[in-house]
Amino acid sequence: MLARAFTRTLTNNINTQAILTTNYQFSKSYNNFASSEISVPGDIRGPTAKYVKNLFRFAHSKGILDIVRKDIQKVTKLQKSTEFKSNLNRLQLSEYNLSDATTILMETMVKEKKSKHLGILCENFENACKLFNNEKEIKVTVAQELTQEEENDLMDEIKQTYLEKNEKLKLEIDVDPSIIGGRVLVIDNDKVEDYSVKLVYDTWLETKLSEVSKEWDSQIGEFEKHFDIPMTSNPTAHEFEKETQKRYNRLLSTLGYSPEYRLKE
C-alpha cells in the first residue's frame with residue numbers, strides 16, 4: 001500500500017514537473033509575441049492583460065484563434081464549477097478537451113497565482129475577439145420557440161436595422177414565456193430595447209393603478225369632508241351613532257353606490 005502511494009505521488013510529481021517545463025517553453029514562445037505587431041483590440045488592462053494579449057497574439061499567429069475562442073467560451077461556463085476549480089488547481093485539465101495553448105495558459109496562471117482572475121481573462125479575450133471580427137452581439141428574447149422561417153426573418157430584420165457596413169451578427173435567441181409576446185433585445189450586453197407585451201401590460205397596469213389611486217384619494221377627501229362637519233355639542237352615544245350613520249349614507253349616495261350598501265338608520 002505504501003509502495004502504491006509512493007508511486008502515485010512520484011507520478012504526480014513527474015507530471016507536474018513536465019507541465020511546468022512545458023509551461024516555461026510555451027511561455028517563452030508566446031511571450032515573444034508581447035511586442036509583436038499583431039494589434040489586440042480593446043482597452044485591456046489589469047492583472048490578466050498580459051495573458052489575454054499574449055494568448056490572442058499566439059493564437060492568431062498560429063491560425064487557431066477560433067479554436068482558442070471556443071475554449072475560452074467553454075471555460076467561461078466551467079470556471080463557476082467547484083470541481084473545475086479544484087482540477088485547475090491540481091493541474092488536471094485533460095478531461096475538458098481544451099487546446100494545448102489554452103490548457104498551458106491556465107496552468108501558467110495557476111503557477112503564477114493568477115487563476116482567481118480567470119473570469120476576467122475570459123471576458124476580456126471574448127471582447128477582443130468580437131472587436132477583431134467586427135461582431136455585433138445581439139440577444140433576443142421571445143415568448144415561444146420560433147420556426148426556422150421566423151428565425152430567418154428575425155435575423156434579416158436585425159441585420160437591416162442594427163448592423164453597420166461590414167459588421168457581422170452574433171445572434172442568440174432565448175425563450176421566456178413571461179414576456180407574453182413581442183421581443184426584448186440586448187445589444188452588446190449593454191443597450192436594452194424592450195418591445196414585449198409584458199412591458200405594454202405593465203405600463204397599462206401602472207397607469208390604471210395610478211388612476212385608481214387618484215380616484216381613491218378623491219373619495220377619501222369626500223369622506224373626510226362629510227365626516228368633518230361638527231355635531232351638536234355633547235351628543236349622547238346613541239345620537240353620535242345615528243348621526244354617523246346618516247352621514248355615511250349621504251356619502252354613499254354622493255359617490256353613486258347602490259342602496260344595498262347603506263346602513264339602516
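Two strands count as paired if DSSP finds at least two bridges between them. The model shown in these views is predicted.

**View 1. Strand 3 and strand 4 form a hairpin.**
The two strands pair in the antiparallel sense, over 6 bridges. Val184 stands opposite Asp194 in strand 4. Between the strands lie 3 residues. Asp188 takes a positive phi in this hairpin, near 55 degrees. Most residues other than glycine have a negative phi.

**View 2. Four strands make an open sheet in the order 2-1-3-4.**
The pairing in this sheet is mixed. Which strands stand at the edges? They are strand 2, residues 168–175, and strand 4, residues 191–196. Each has a single partner strand, so one side of each is left without a neighbour in the sheet. From one strand to the next, the twist averages 15 degrees.

**View 3. Strand 1 runs parallel to strand 2 in their pairing.**
Strand 1 covers residues 135–142. Its pairing with strand 2 extends over 8 bridges. Val142 stands opposite Val175 in strand 2. Strands of a sheet pair through backbone hydrogen bonds, either parallel or antiparallel.

**View 4. Helix 7 packs on the sheet.**
This helix spans residues 148–162. Helix 7 touches strand 1, strand 2, strand 3 (182–187) and strand 4. The directions of helix 7 and strand 2 make an angle of about 130 degrees.

**View 5. The largest nonpolar core has 30 residues.**
Which residues have the most contacts inside this core? They are Phe84, Met106, Leu118, Leu121 and Phe125. Five elements are listed as giving two or more residues to it: helix 2 (49–61), helix 3 (65–78), helix 4 (82–89), helix 5 (100–111) and helix 6 (118–132). Helix 2 gives the most, with 7 residues. In soluble globular proteins, nonpolar side chains tend to be buried together.

**View 6. Phe125 touches residues from Val52 to Ile72.**
Residues up to four places away in sequence are not counted here.

**View 7. Helix 2 and helix 5 cross with a right-handed sense.**
How do their axes meet? They come within 11 Å and cross at roughly 160 degrees. Angles over 145 degrees count as roughly antiparallel. The two helices are therefore roughly antiparallel to each other. Helix 2 makes the contact through Tyr51, Leu55 and Phe58. Helix 5 makes it through Ala101, Leu105 and Met109.

**View 8. Asn97 and Ile180 are loop residues with positive phi.**
Asn97 lies in the loop between helix 4 and helix 5. Its phi is near 55 degrees. Ile180 lies in the loop between strand 2 and strand 3. Its phi is near 70 degrees. Are these two residues buried or exposed? A residue counts as exposed over 50% relative accessible area. Asn97 has 63%, so it is exposed. Ile180 has 52%, so it is exposed too.

Note on methods
Residues are numbered from 1 along each chain as its sequence is written. This is a predicted model: local features need pLDDT of at least 70, side-chain atom pairs count only at pLDDT 80 or more; totals for chains, interfaces and linings use all residues. Side-chain values use heavy atoms; hydrogens and water are left out. A nonpolar core is a set of buried Ala, Val, Leu, Ile, Met, Phe, Trp, Tyr and Cys residues joined through side-chain atoms within 4.5 Å. Buried means under 20% relative accessible area, exposed over 50%, partly exposed in between (1.4 Å probe, protein chains only). Contact means heavy atoms within 4.5 Å. Axes are lines fitted to C-alpha atoms, for helices over the stretch in contact, and angles run from 0 to 180 degrees between N-to-C directions. Angles under 35 degrees count as roughly parallel, over 145 as roughly antiparallel, 65 to 115 as roughly perpendicular and the rest as oblique. A crossing is left-handed if the near helix is turned anticlockwise from the far one by less than a right angle, and right-handed if clockwise.
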